[in-house]
Structure formats: structure tokens, C-alpha cells
Amino acid sequence: MSDTPETQKPSWWRRLSSGLKRTSSSIGTALSEFISKRKLDRAMLDEIEDVLLRADLGTEVASRISDAVGEGRYDKMISASDVKEIVASEVEKVLAPVAKPLVIDDAKKPFVVLVVGVNGSGKTTTIGKLSARFAAEGRKVMMAAGDTFRAAAIEQLKVWGERTGTPVIAGAQGSDSASLAFNALTAAKEQGRDVLLIDTAGRLQNRKELMSELEKVVRVIKKVDDTAPHAVLLVLDATVGQNALSQVEAFTRTAGVTGLVMTKLDGTARGGILVAIAEKHKLPVHFIGVGEGVEDLSPFTARDFAQAIAGTETQ
Ligand SMILES: Nc1nc2c(ncn2[C@@H]2O[C@H](COP(=O)(O)OP(=O)(O)OP(=O)(O)O)[C@@H](O)[C@H]2O)c(=O)[nH]1
């Protein structure tokens, strides 16, 4: 991909790199400010580490990158672009092990995907995009409007259902989301659906009662199929920065998160948090969201993300 001219790159790449430009240019601008015409010393490495911390990369990664920059370069001239190359390469090393596709096990009928996260993180939109993707792969998909809290979420999912030709199981606003999940899974089984995507209401990770409601959804799903849910996707909004770390911890504890989707990478200076999450939690990252349209969900690739964040592609 790095040899492809900018104009020929896929649109998701352009959206990702322009979205992450705020992160990369904040890294790049800060680096250029103090790296010109100076030999590398301890003070410079400390400054580099600070820049990376401000970009949300986390202490471990920031200090590892600064060590990598220092390696064999003390008292030598170094340029900001040399440092950016090292940032890209070190970030890629952290991300490569977690960049894993969401594999649908066709032996499970349906393969149940539960989608969780805080309010407004992009769960419903992500489910809509996933339904389009799986339907395009020839799979029989069903969606469950388990966000019974918000009437608009039920409507939103129905619109996605019409758009992608996917049936949506919905209840009345305020109905019990666990029983909706139960009914949807029962219906999906009866109809021989390949994939069931279950939406859930947004909940803050520190709201105990809402988190136990999520545990109940998982318990009830297991009553129909004790191997389900087969994937639990946590949808993270990139714009929230550091708070995403505690979301990963709480939702993993409560709902057994198996993989991540990070949305809104098209408009944030805080995408660096994904690197800190990858370093700390090692959870698979399946997709990134780079816009509201159906085509704006892209499989996660370590190299593209690393280059976008370091700004090595966009100079
Ligand atoms: N720019 C951008 N906007 C997005 C992306 N994903 C979702 N959105 C927007 O974010 C807003 C919230 O998305 P929803 O899918 O409704 O979020 P939710 O998690 O289901 O919300 P709750 O049900 O309230 O918890 C909507 O306006 C979406 O269009 C993305 O990747 N980029």
C-alpha cells in the first residue's frame, strides 16, 4: 500500500489518514519543533516520549519507542522524519498481533455476535454496516434491536435492515432486552440464519445495574445455545481517548469481550489510544469505522494504521 499514490488509495484509507492527521500532525509538528539541527541526547528522547504520551500511545509504548530512537544514535544528527519512521515501525509491531479478522464459524447456526459499548459509541451503525458486509458475502443475516431503551435505535436498525435486506427482530421501546435476545436467537435458529447480530443499549461502564443487565443478556442467550454468543464486540469511540481503557476492562469483565471495533477514526486526534489498548489488553481489533456510510467499516490493518498515525504516508 505504501507504493500506491495518494489519489489511488481506497477511500477508507484517505478517511483514516485524514482523520488521524490530527494525531500525526500533532506528533509530527511537535517533533519537528525540537528535532531540527540537533544531536540526539537524553533530553531529546524525553521530549519525544512526552509527545507520544500526549498522543495517547501509553507509557510502555512511548518509552519503548524512545529507546528504539536512542539505539545507536546518541550524539548523531537525527531528523523528525527518521523519528516518524521509527514510530510507525514500533506502532506496527504492537498492532500486528491484534489485527485479526472477525472469523464467522459457519458450523454455528446462527453465529451470534453481541455488540456492546457505551452510549453513542457507534454500535447500531456498526451492526448495520456488518449486516451489509455479511449479506454481501452471501450469508443469511438477522439483526436484533436489543437497544430497547432508545426508540430511535430500533428505527435506525430497521432502516439498516431495509437497506441491506436483513430481517430485524424488535420489541416495543422499554421491553426487556434479554427476552428480546432470547426471541431473536430462537427465531434465527428456526429460520436457519447464518449470523445473528444483537444490538444492546449503550451503558456507561461504571453503572453497576446496567452492567448486570448485560450479564443477564449473555445468560439468557446461553439458554438457547450454550456456546453463544460466539463473538462479543466492544465498539469504542476513538474520540473519547483514555476513557476507552476502562471501557475495555469493564466490558471484558462483564460480557467477555472477544474483539474490538474502533469507530469515528475519521475525525479525531485521539486514535493513539488504540495502540495503548493493544499493548495492554491484546484483544483482537477486527474493524475500524471511518464514517457513517455503509462502506465506512474497514478491516483493521496494523501497517496502515501505524503509518497513518505516524504521518509517514502523508508527508
Ligand atoms: N464520523 C463517524 N460517525 C460515526 C461512526 N460510527 C458511528 N457514527 C455516528 O455516531 C453516532 C452514534 O452512532 P450509533 O450507532 O447510534 O451509536 P450507538 O452506540 O448505537 O448509540 P446508543 O444506542 O445511544 O448507545 C451516529 O450519529 C452515527 O452516525 C464513524 O465511524 N464515523
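These are my notebook entries on what I looked up in this predicted model.

**Entry 1: ground rules**

I number residues from 1 along each chain, as its sequence is written. Because the model is predicted, I take local features at pLDDT of at least 70 and side-chain atom pairs at pLDDT 80 or more, while totals for chains, interfaces and linings use all residues.

**Entry 2: the whole chain**

I looked up the helices and strands first, and the protein chain has 11 helices and 8 strands.

Next I checked burial: 50% of the 315 residues count as buried. Buried means 20 or more other C-beta atoms within 10 Å of a residue's own, exposed means 12 or fewer, and partly exposed is in between, with C-beta atoms placed from the backbone. Among contacts with a separation of 6 or more, 79% are between residues 24 or more positions apart. A contact here needs C-beta atoms, placed from the backbone, within 7 Å.

**Entry 3: two domains**

How is the protein chain divided? I found domain 1 (6-98) and domain 2 (111-299), with bounds from an automatic or database domain assignment. Their C-alpha centres lie 33 Å apart. Across the boundary, 19 residues of domain 1 are in contact with 25 residues of domain 2. On the domain 1 side, helix 1 (11-35), helix 3 (59-70) and helix 4 each supply at least two residues. Helix 1 gives the largest share of that side, 8 residues. By class, I list 11 nonpolar, 4 polar and 4 charged residues there. For these classes, Ala, Val, Leu, Ile, Met, Phe, Trp, Tyr, Cys and Pro are nonpolar, Asp, Glu, Lys and Arg are charged, and the others, Gly among them, are polar.

**Entry 4: the nonpolar core**

Which members of the largest nonpolar core touch the most others? In this set of 96 residues they are V113, A184, L196, L197 and I198. A core is built from buried Ala, Val, Leu, Ile, Met, Phe, Trp, Tyr and Cys residues joined through C-beta atoms within 7 Å. Helix 4 (residues 80-95) provides the largest share of this core, 8 residues. Domain 1 and domain 2 each contribute at least three residues to this core. I then looked at A184: beyond four places in sequence, A184 touches M142, A144, I169, L196 and I198.

**Entry 5: around the ligand**

I found 22 residues surrounding the ligand, and the closest are G122, T124, T125, G202 and G289. A residue is near a molecule when its C-beta atom, placed from the backbone, lies within 6 Å of it. Helix 5 (residues 123-136) supplies the largest share of this shell, 3 residues. The shell divides into 3 nonpolar, 12 polar and 7 charged residues.

Most residues other than glycine have a negative phi, and most peptide bonds are trans. I found a cis peptide bond joining K109 and P110, with omega about 0 degrees; P110 lies in the loop between helix 4 and strand 1 (111-116). A cis bond also joins A228 and P229, with omega about -10 degrees, and P229 is in the loop between helix 8 (208-224) and strand 5 (231-237).

D56 has a positive phi, near 70 degrees, and sits in the loop between helix 2 (42-54) and helix 3. Is D56 buried or exposed? D56 is buried, because 24 other C-beta atoms lie within 10 Å. Phi of K264 is positive too, near 60 degrees.

**Entry 6: two last residues**

T312 is in the segment after helix 11 (302-310) and counts as partly exposed, because it has 19 C-beta neighbours inside 10 Å. Although T312 and D82 are 230 residues apart in sequence, their C-alpha atoms are 9.5 Å apart. A172, in the loop between strand 3 (168-169) and helix 7 (177-190), counts as exposed, with 9 C-beta neighbours inside 10 Å.

Definitions and conventions
Helices (H or I, at least four residues) and strands (E, at least two) are DSSP runs, numbered from the N terminus. Two residues are in contact if their C-beta atoms, placed from the backbone, lie within 7 Å.
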